[in-house]
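Welcome! Take a moment to look over the structure below, and then we can walk through a few of its parts together.

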Amino acid sequence: MASQQLSAGGPGGLHACARYTRDRVHSATQLLRSAMSTNRRQLEPSVTDRLAQRIAATKLGRKTAQYLAELRTRRVPLHWTNMFGVVSAACLLVIFVTGFFLMFFYTPSTASVVYKGSYSPLHGATVSEAYNSTLAISFELRGGLLIRQAHHWAALLLPASLILQMLVMFFTGAFRSPRRKNWVLLFSLLLVALVGGWSGYALPDDMLSGTGLRIVEGIVLSIPFVGTWLSSLLFGGQFPGQVIDHLYPIHIVVVPLLAMVLLAVRLRAASREKPPQFPGAGRAENNVVGISVWPGAATRAAGLLMIVMGLLFFVSAFFTVSPIWLSGPSSPGDAASGSQPDWYTGFLDGALRLVPPGWEINWLDHTWTLALLIPLAVIGVFLGAVVLYPFFEQWISGDDDDHNLLDRPRNTPSRTGLGVAAITFYGSLWGAGSADIVAVQFQLSLESVIFFFRCLVIVGPFIAFIVTQRVCLALQKKDLETLSHGYETGRIVRLPGGEYIEVHQPVASYERPGLVNTSQRMALRAHPDAHGHIGPVTRFRAALSRFFFENRSARTDQHDGQPGVKSLDWIDDPTTLKEPANRDH
Ligand code: HEM
């Protein structure tokens with residue numbers, strides 16, 4: 001076109017050509033400049049990048065980077081049982097956040113006021129300030145009921161997830177060395193959660209809280225010698241006294257502090273130890289097969305944490321819990337019929353209900369209320385046995401070794417049996433806590449329901465132990481058969497000779513380690529001391545050891561040098577097996 005204009009001749013054509021060229025150059029320069037500035041903008045780090053660089057350059061940043069790099073190299077096994085710990089963490093988080101919010105609106109006082117709030121059925125009733133403020137949180141504070149209910153639902157879920165964690169730890173033998181202290185820590189955390197739940201349950205000061213506190217007063221008063229003193233310390237005088245004022249600091253200071261200390265110690269212990277893993281292909285005592293802690297396990301845990309918290313708020317938004325306006329304010333002279341504690345303290349209530357009436361004696365110028373003291377002692381022994389079990393098992397088995405490979409419950413029938421017996425005992429007490437409801441719902445007499453639970457609490461654990469042991473042995477036998485003959489395929493084949501056989505599919509090599517029972521422990525023998533004498537304690541220990549180890553199948557990890565089957569025979573006397581060289585107690 002320029003050549004056309006040039007050829008058009010004259011100075012006008014030349015000017016037009018020059019203008020045209022200048023415009024082109026100008027626009028090309030503009031284009032280049034804008035491209036360069038875009039490029040520069042792309043190369044320039046963003047604000048967040050610059051912030052991250054700054055933080056990374058600080059001492060804290062360097063330490064965090066170092067820590068994350070270490071977490072990348074650490075492994076945790078992937079197993080569904082690990083999620084109970086995350087559920088507990090989510091509950092604690094919800095409890096702490098919602099509890100902090102409630103603190104600003106709740107009045108911890110038993111002083112009386114006349115109710116003038118928005119719940120009309122209670123207008124003009126004399127209630128405590130605690131009850132009044134809890135009603136105000138529920139009906140007048142925007143979002144208050146949701147937060148209250150989330151606090152309560154999380155408090156209901158927390159003991160369940162902690163108990164499930166303890167059950168997993170128990171049945172898999174994860175409490176053995178070097179994790180015995182973890183068991184004690186978990187148990188202590190459960191106790192703290194129970195104290196938190198119990199003290200929180202009392203705070204709204206409604207009829208149910210009052211009934212629960214009345215029971216507690218009776219129990220405390222029944223303790224010989226110190227009962228009256230303890231009761232006036234807790235209640236600050238005649239019932240109800242200032243019990244709310246006294247429980248409040250326990251609930252919002254002592255309980256959270258103890259929970260945080262226990263959690264910190266537990267996390268520290270977990271960061272120092274190898275996580276235990278189930279037996280399987282490539283897994284050994286000295287390795288961990290799994291995913292990296294960061295980012296693999298951490299992001300999964302964070303996801304589950306969010307889901308559990310979301311579910312807790314969802315349930316709190318749609319399902320009522322602790323409708324204190326229905327039960328009314330507490331009144332020292334009244335108790336509501338059908339009153340139930342929160343589920344986790346139900347077993348304590350049940351223990352009290354099972355005692356026959358009239359169990360009371362006078363001795364040493366004191367009244368001994370056996371109806372309360374015996375259930376207290378039984379519960380005390382039960383909880384003591386639970387927390388001390390790892391030490392007891394170590395004593396009767398003589399097993400001081402560190403274990404990073406977990407047991408399959410079927411491979412330790414006595415332990416599994418004891419666990420199921422304990423669950424049956426706890427479950428019977430728990431069921432007895434609702435005996436009145438059961439009687440009403442099933443139209444039975446209360447006496448017959450109580451009688452049933454009395455029988456169940458005594459006989460149930462023994463039956464549960466025996467049945468569980470047999471089931472474990474049957475499952476071990478099934479494993480042995482699977483290892484030696486493979487899986488049944490259901491395919492029947494006729495051989496040339498006319499014989500019919502079922503085709504079995506051999507167990508895949510990667511499945512084998514999961515089925516093999518590698519337990520090497522033998523019952524302890526009662527060895528005489530230096531004077532040739534076998535003391536009663538030694539005999540007792542050996543007898544317990546025999547009881548613990550009897551009725552096992554043979555270990556199945558040696559078969560022509562391959563993981564396989566040694567024998568299909570039951571070994572009733574484990575001492576007949578060759579004792580490993582390291583066993584001499
Ligand atoms: C293991 C820890 C805790 C448990 C199991 C627990 C449990 C409970 C329960 C069951 C209630 C009765 C809720 C209701 O009214 O229905 C309650 C009330 C309350 N909790 Fe907690 N709580 C715990 C920790 C905390 C913490 C850390 C705080 C404060 C920072 C707190 C503050 C409160 C307050 C102010 C109330 C009375 C208000 C109300 O009853 O709605 N709690 N708690």
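The report below visits the ligand, then a pair of helices, then a pair of strands. Please keep in mind that this is a predicted model.

## Around the ligand

Let's begin with the ligand, which is surrounded by 27 residues. The closest of them are G99, A155, G196, G200 and S322. Several helices take part: α5 (83-103), α6 (129-139), α7 (144-171), α8 (180-202) and α11 (243-272) each give two or more residues to this shell. Among these, α5 gives the most, with six residues.

What classes of residue make up the shell around the ligand? There are 17 nonpolar and nine polar residues, along with one charged residue.

## Two helices that pack

Two packed helices are described by the angle between their axes and the distance between the axes. For helix α9 (residues 207-222) and helix α10 (residues 227-235), the angle is about 145° and the axes are 6 Å apart.

On the α9 side, the contact is made by E217, V220, L221 and S222. On the α10 side, they meet G227, T228, L230, S231, L234 and F235. By class, the residues of this contact are five nonpolar, four polar and one charged.

## A hairpin of two strands

Next, find strand β7 (residues 487-494) and strand β8 (residues 500-505), which run antiparallel and are joined by six bridges. Y487 stands opposite Q505 in β8. The two strands form a hairpin with five residues between them, and in the turn G498 has a positive phi of about 100°.

How many of the eight residues of β7 are buried? The count is zero, and this strand is hardly covered.

Key. Residues are numbered from 1 along each chain as its sequence is written. This is a predicted model: local features need pLDDT of at least 70, side-chain atom pairs count only at pLDDT 80 or more; totals for chains, interfaces and linings use all residues. A residue is buried if 20 or more other C-beta atoms lie within 10 Å of its own, exposed if 12 or fewer, and partly exposed in between; C-beta atoms are placed from the backbone. Helices (H or I, at least four residues) and strands (E, at least two) are DSSP runs, numbered from the N terminus. Two strands pair if DSSP finds at least two bridges between them. A residue is near a molecule or strand if its C-beta atom, placed from the backbone, lies within 6 Å of it. Ala, Val, Leu, Ile, Met, Phe, Trp, Tyr, Cys and Pro count as nonpolar, Asp, Glu, Lys and Arg as charged, and the others, Gly among them, as polar. Axes are lines fitted to C-alpha atoms, for helices over the stretch in contact, and angles run from 0 to 180 degrees between N-to-C directions. Two residues are in contact if their C-beta atoms, placed from the backbone, lie within 7 Å.
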